[in-house]
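Visitor: Could you walk me through how salt bridges and surface patches are read from a set of coordinates?

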Amino acid sequence: MRASETAVFSIVVLLLGALPVSAQEAKPVEVTPYVGIGSAGASPFGAAVTFPLTSTLSLETDVAYRRGEGDLHFLSTSASLLYALPRVGQAMPYVAGGIGLAQYGAPVFSSDGPPVGTERRLALTVNAGGGLKMPMNDALDLRTDARWFKSFGREGSEQFRVAQGISFDVGKR
């Protein structure tokens, strides 16, 4: 439980620290379809929608799908805060952290011990990481994102994911 308290505290501090900053330019909502490589052995794919809150802070919602254990396939969703760091040339690095829910497969054991199947379960997750956005043109950005995920519950686990996507604006720039 200590890790979740630290994650929530970090997100609140990040949000409160960025609120006094006034937006200098109107940023559009961005949609980023992506495909990733994960430590869970399955390649997730999904989409993230990023809503600007200030010039440096954004709220991102994410939905992902992955092939799971046995014949089960799993969804996950999260809400994260993205904090833009100072630009490096044309590149815009950022840090991210958030919470979400993820489905996973828990082993079902027989009376004599060995697993006989997989049961669908749901777990609370926290994530932390960062990434880099590189402009391709006025409306498209190439985005690389690396995240650490920690799930809680009886079969809690840690996973890593590196995702690559193309962000496009929804609205005016």
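Guide: What follows takes the salt bridges, then one surface patch. This is a predicted model, in which local features need pLDDT of at least 70, side-chain atom pairs count only at pLDDT 80 or more, and totals for chains, interfaces and linings use all residues. Residues are numbered from 1 along each chain as its sequence is written, and side-chain values use heavy atoms, with hydrogens and water left out.

Visitor: How many salt bridges does the structure hold?

Guide: A salt bridge is a side-chain nitrogen of Lys or Arg within 4 Å of a carboxyl oxygen of Asp or Glu, and the structure holds seven. One of them pairs R147 with E60, with the closest N and O atoms 3.0 Å apart. Because R147 lies in strand β7 (residues 140–151) and E60 in strand β3, this pair ties together parts 87 residues apart in sequence; strands here are DSSP runs of E, at least two residues, numbered from the N terminus.

Visitor: Are R147 and E60 buried or exposed?

Guide: Buried means under 20% relative accessible area, exposed over 50%, and partly exposed in between (1.4 Å probe, protein chains only). R147 counts as buried at 3%, and E60 counts as buried at 2%.

Visitor: Which residues form the nonpolar patch on the surface?

Guide: Patches are made of residues with over 30% relative accessible area and no salt bridge, nonpolar side chains (Val, Leu, Ile, Met, Phe, Trp, Tyr) being joined within 5 Å and like charges within 9 Å. Here V35, F45, V63, Y65 and L75 form the patch, with about 460 Å² of accessible area together, computed by the Shrake-Rupley method with a 1.4 Å probe, where for residues only the protein chains shown count as cover. V63, found in strand β3 (residues 57–67), is partly exposed at 47%.

Key:
Helix = DSSP H or I, 4+ residues; strand = E, 2+ residues; numbered from the N terminus.
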